[in-house]
Amino acid sequence: MPRPTQAFIDLAALTHNLSIVRKHAPQSRIMAILKANAYGHGLLHSANALKNADGFGLLELDAAICLRDAGYQHPILLLEGFFSTAELAILEQYRLSAVIHHAEQVAMLSASKHYNIDLFLKINTGMNRLGLAPQQFSQAIGTLIEKQYYKNITLMTHFASADEPDEEKNVLRQLQYFEAITKEYRHYPSSLANSAAIIRYPVTHADWVRPGIMLYGASPFTDKTAAELDLQPVMTLSSRIIATQDLGIGDRVGYHGLFQTAEPMRIGIVACGYADGYPRHAPTNTPVLINNQRSRLLGRVSMDMLAVDLTGIENAGLNSPVTLWGKGLGVDEVAQSAGTTSYELLCALSPRVEKTASL
Ligand SMILES: *Cc1c(COP(=O)(O)O)cnc(C)c1O
């Protein structure tokens, strides 16, 4: 029997979550975001569960080619575009769309002679990460149109804080800025909304929405749970107890004895650690499920193992099943306890964890 650390991928939940996106944005086309190996869930089975989406977005060229080779005919958008002139022949060959976020990319296009590519012009409306400034945008789109360096043009931006409850003003400011900059080009389709904006700001839906995290069943918000948003968890990370220890008063657990007992207690050692993607910074009291009953992490997470409290857990012992996150224990709750987000936990799932996908 192999090591019991497993990630169960519920593809029906993925398909369900796509239907929730449709419900929120019925007029828009959906570009399902599949970057980072589908947020750690596995590219090809995720794409299959999301085949009713209207397009796929990611940024790894090899993954994009893999989708085409698997037969998907959807638009596939490279979210960081291309990095060298040499890639453009490949983009054209595989009919991959590209974000243009920098004037240098227009120069690369010009040098490449591969012009039969769908382009998404990304405008920096205040996040100050990727995107053309207004002046650069006018210049870039002017050149592209004049020289016919494109197959289709879509206009695009990204919100910095659609997930934050008190940031409505900044979201609407970015939206208004986008509309002002693109005023002369309203005949082109546009794309603005990530998961948070899809749910909270219908006014941003436009022609293409770009959901990521909500497809995978986690909440983009800290003040609303996934269940409240009718999203179902897709990944369940599970393992088993591979050892137990009966401790006396004052015994110390794990590296540096970070947890110390106040009374005699029984603990379990779970075959899951930070090399599997469990966050090393998760502190004592981070929730876990043992035999489907809530318990807690104890002490420092090791590379391959972690310790849990067996106090009051019925029939807990060797081989008891443990859920680290997923069905019955939201990844958001674990992330919050560890001082991070579900995004980071999901996409940090280690390749050594066996993934089992089922419908
Ligand atoms: C990752 C990404 C998204 C998806 O964001 P979520 O918050 O996961 O919905 C959308 N657009 C772009 C450009 C992205 O890089």
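Author: The largest cavity holds about 50 Å³ of space, where a volume is the space filled by probe spheres set on grid points joined across faces, edges and corners. This is a predicted model, in which local features need pLDDT of at least 70 and side-chain atom pairs pLDDT 80 or more, while totals for chains, interfaces and linings use all residues. Residues are numbered from 1 along each chain as its sequence is written, and side-chain values use heavy atoms, without hydrogens and water.

Reader: What makes a space a cavity and not a pocket?

Author: On a 1 Å grid over the protein atoms alone, a cavity is a set of points where a 1.4 Å probe fits but cannot get out, whereas a pocket is an open set with protein on both sides within 12 Å along at least five of seven lines. The search of the whole structure finds one cavity of 30 Å³ or more.

Reader: Which residues line the largest cavity?

Author: Lining residues have an atom within 4 Å of a point; among them here are Lys122, Met127, Arg129, His158 and Gln174. The lining divides into three nonpolar, five polar and two charged residues.

Reader: Why is the ligand said to sit in the largest pocket?

Author: A molecule sits in a pocket if more than half of its atoms lie within 2 Å of its grid points; the space taken by the ligand is the largest pocket. That pocket has a volume of about 990 Å³. Of its 40 lining residues, Lys35, Tyr39, Asn194, Ile213 and Tyr343 are the closest to its centre.

Definitions and conventions. Nonpolar A, V, L, I, M, F, W, Y, C, P; charged D, E, K, R; others polar.
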